[in-house]
Amino acid sequence: MNFNVAGDRLVNEIEELALMSDAEAPAVTRVVFTPTDLKAREWLIARCEKAGLAVRQDAIGNIFARWTGFQPSAPAVGTGSHIDAIPNAGKYDGVVGVLGGLEAIRSLQASGFRPKHSIELLVFTSEEPTRFGIGCLGSRLLSRTITAASARKLVDKEGVSLEEVRRDAGFKGQLEDVPLPDGYYKAFVELHIEQGPLLERQKVPLGIVTQIAAPATLRLSIEGAGGHAGGVLMPDRKDALCAAAELILAIENAARTSGAADTVATVGICEVFPGAVNSIPSRVQLSADIRDTVLGRRDAVMYAIEAACQSIAAKRQVSIRKELLNADAPAHCAPAIIEALSRACLKHQLLYVPMVSRAYHDSLFMSRVTPAAMLFIPCRNGYSHRPDEYASPEDIARGVLVLADTLATLAS
Ligand SMILES: [Zn+2]
């Protein structure tokens, strides 16, 4: 089978979609279910229909665009990603997997290929946590990682519930109907920019993802005793911020000493009360993100943090409360899809490296209900989630070529 990827058409579409933004170009802001997001969805659906795909949307707004195979009852082969973008983001995160997936389908159609299994483009709702505080909302619901009941409790920053927002956006079905039936997909492949610098540094055009790391998120509340910065002498203090400082370093140390490069831990939020220069901090709230590709190793870091909480609390006479906000399990990608991807790379004489996805993606959740894998292309300097995010047309075209070939193999 021979086919051509229409790189120009794809690049033009990426540019066109980037203009549907609530930020000034080149920045892209497209938050889920805003008028801008709805306009982009409509535009995208029109392109899918133009390609002859049968489009449906579920109750959370996941878009399914299907090229029906000659054995329509067989499980479909899925590909796709997301088009929502955090404030002040770039053009390529998610979009490469959506428009690239569409281009892969169109190039297969143009080649005369006829799939046995249907090939379906899937556009996930709210991969970014911007509006409802939880990432991968669409794929979490599809994979039953979140129940309809807990999704209904979500509210945005204005206090408007997900139920209200999605119904206003025109999605009126029941969230209970979103989960995919067993065996819906035979395989799922997501094309994505790397969002890190490794491919570019190694001068390799493609990365085949073998594992997807997953975060556990902790909220740590440290309660000490406040007081006048002049009046309370050092032996009498229960300074919550000093305790927090020790805890932050203990968290860093727990990840550093895990023995694996894949273990990472970050304290990204530190809120200090009351936050006055002449007042001893009485209360501190920290948020920590701990990631790994191996669940046992990540758990070991969590135990180390627990032990640190206990010893620091005793030593500094403060109380430390720990809340686990979320703990998604990391995933291994499906060997059969990894093999199909690597064969496609070999066939087109393209170098690739196996890699770990350190960011999480909808594929992490899809992997719970179907064999899944990801294909990475380089992005300049590893930049992502910023307006100067960039992937070259050549790199995108190579990714689409390998994706199309892989879809053809899986759908035959
Ligand atoms: Zn993404």
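This is a predicted model: local features need pLDDT of at least 70, side-chain atom pairs count only at pLDDT 80 or more; totals for chains, interfaces and linings use all residues.
Three residues coordinate the zinc ion: His82 through NE2, Asp93 through OD, and His192 through NE2, at 2.0 to 2.3 Å. Along the chain, these donors of the zinc ion follow the spacing H-x10-D-x98-H. Asp93 sits in the loop between strand 5 (85-89) and helix 3 (95-111), while His192 belongs to strand 7 (residues 185-193), so this pair ties together parts that are 99 residues apart in sequence. Is Asp93 buried or exposed? With a relative accessibility of 9%, Asp93 counts as buried, because buried means under 20% relative accessible area. His192 is buried too, its relative accessible area being 1%.

The volume of the largest cavity is about 60 Å³. Its lining includes Val32, Asp37, Arg41, Gly61 and Ile63, and also Ile83, Asp84, Val123, Phe124, Thr125 and Ser126. Helix 2 (35-50) and strand 6 (119-124) each supply at least two residues of that lining. By class, the residues lining the largest cavity divide into 5 nonpolar, 3 polar and 3 charged.

The second largest cavity contains about 40 Å³ of space. Among the residues that line the second largest cavity are Arg30, Asp84, Glu128 and His385, together with Asp93, the residue that also coordinates the zinc ion. Asp84 is likewise found in the lining of the largest cavity. Which element gives the most to the lining of the second largest cavity? That element is strand 5, with 3 residues. The lining of the second largest cavity has 4 nonpolar, 2 polar and 5 charged residues.

The largest pocket has a volume of about 960 Å³. It is lined by 35 residues, of which Pro129, Thr217, Asp289, Arg291 and Tyr360 are the closest to its centre. Several strands take part in the lining of the largest pocket: strand 9 (214-223), strand 11 (264-273), strand 13 (283-292) and strand 14 (319-327) each supply at least two residues. In terms of class, the lining of the largest pocket divides into 11 nonpolar, 14 polar and 10 charged residues.

For the second largest pocket, the volume is about 170 Å³. Its lining includes the residues Glu194, Gln195, Gly196, Pro197 and Leu198, as well as Met355, Val356, Ser357, Arg358, Ala359 and Phe376. Strand 16 (residues 352-357) contributes the largest share of the lining of the second largest pocket, 3 residues. This lining has 6 nonpolar, 3 polar and 2 charged residues.

Finally, some details of the backbone deserve a look. Where do cis peptide bonds occur? One joins Ala25 and Pro26, with omega at about 5 degrees, and Pro26 has its place in the loop between helix 1 (7-18) and strand 1 (28-30). Another cis peptide bond joins Phe273 and Pro274, where omega is about -5 degrees. Pro274 lies in the loop between strand 11 and strand 12 (279-280).

Phe33 is buried, with a relative accessible area of 6%. For Gln317, phi is near 50 degrees, and Gln317 lies in the loop between helix 9 (295-316) and strand 14. Gln317 is exposed, its relative accessible area being 56%.

Conventions: Residues are numbered from 1 along each chain as its sequence is written. Side-chain values use heavy atoms; hydrogens and water are left out. Donors are N, O and S atoms within 2.8 Å of the metal (3.2 Å for Na, K and Ca); water is not among the atoms, so sites may look incomplete. Helices (H or I, at least four residues) and strands (E, at least two) are DSSP runs, numbered from the N terminus. Buried means under 20% relative accessible area, exposed over 50%, partly exposed in between (1.4 Å probe, protein chains only). On a 1 Å grid over the protein atoms alone, a cavity is a set of points where a 1.4 Å probe fits but cannot get out, and a pocket is an open set with protein on both sides within 12 Å along at least five of seven lines; lining residues have an atom within 4 Å of a point. Grid points are joined across faces, edges and corners, and a volume is the space filled by probe spheres set on the points. Ala, Val, Leu, Ile, Met, Phe, Trp, Tyr, Cys and Pro count as nonpolar, Asp, Glu, Lys and Arg as charged, and the others, Gly among them, as polar.
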